[in-house]
Amino acid sequence: MPRFFADNINENDIVLDGENARHIGRSLRMRPHEEVTVCCGGMDYDCEIRQITEDSVYLDLLEKHPCYAEPTVKVTLFQAVPKLDKLEYIIQKSTELGVSRIVPVLTRRCISRPNEKDFAKKLPRLAKIAEEAAKQSGRGIIPEISPIVSYKQCLEMMKNLDKNVILYEGEGGKPFGEVNVESIKTAGILIGSEGGFEASEVEEAVSAGAERIWLGKRILRCETAPISALTILMFLTKNM
């Protein structure tokens, strides 16, 4: 069943317009009595098409329920800014795996160093990538793609989460499988860019409450590490 996202829902009068309506009528060539799912705030609204006009699609609600694909834990990926093509890949795959928010972080070893204004111009495209991945994977929400933040801002944001980890290949870490994730509702994963982290940045994260972890003896690329870490976290929290 095709999926579409809406910012708000009036259950007595569900209408899709704009790009969603054009996609239903022109691209998918759907007709009245066919069914679609409208997603809003983690809820799925299964609907039947009542009428299609040039710019709007009018729907009748059949059933609503929480999206079965949404994880029980809300995960924020704090990703040190990599090159743009790698960030796009990370956003796509992280969305498929169930991330709730992606926060690009400017760390000391980032090779790509866009300023806030330049990065803001890229946000609509990055948000579109997240939306398409959310539709494809059956998500009930579109993960938030945050504006770029400093490392200090990142550490402050992490303090509001139940559990935080930082991936670091140096000494002193523990295997991810040994991290206690029982009963957590929110989690943060902090991952470096192509240049990794400076040791002082790792210590700052640990001082802010993050646990230092590693994913084995192999060095993973910055676009591989978040996918691996999210997969493990989803498994440990019984969401996979």
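Student: Does Ser193 count as buried or exposed, and at what relative accessibility?

Tutor: Buried means under 20% relative accessible area, exposed over 50%, and partly exposed in between, with a 1.4 Å probe and protein chains only. Ser193 has 5% relative accessibility, so Ser193 counts as buried. This is a predicted model, where local features need pLDDT of at least 70, side-chain atom pairs count only at pLDDT 80 or more, and totals for chains, interfaces and linings use all residues. Residues are numbered from 1 along each chain as its sequence is written, and side-chain values use heavy atoms, with hydrogens and water left out.

Student: Where does Ser193 lie, and which residues is Ser193 in contact with, leaving aside neighbours within four places in sequence?

Tutor: Helices (H or I, at least four residues) and strands (E, at least two) are DSSP runs, numbered from the N terminus. Ser193 lies in the loop between E12 and H5. Contact means heavy atoms within 4.5 Å. Beyond those sequence neighbours, Ser193 is in contact with residues including Ala80, Thr107, Arg109 and Cys222.

Student: Which residues of helix H5 are buried?

Tutor: An α-helix has 3.6 residues a turn, so residues three or four places apart point the same way. In H5 (residues 199–207), the buried residues are Glu201, Val202 and Ala205. They lie on the same side of H5 because they cover an arc of only 100° around the axis; the arc is that of the directions from the helix axis to the C-beta atoms.

Student: What do the buried residues of H5 pack against?

Tutor: Their partners are helix H4 (151–158) and strands E10 (163–167), E12 (186–191) and E13 (211–214).
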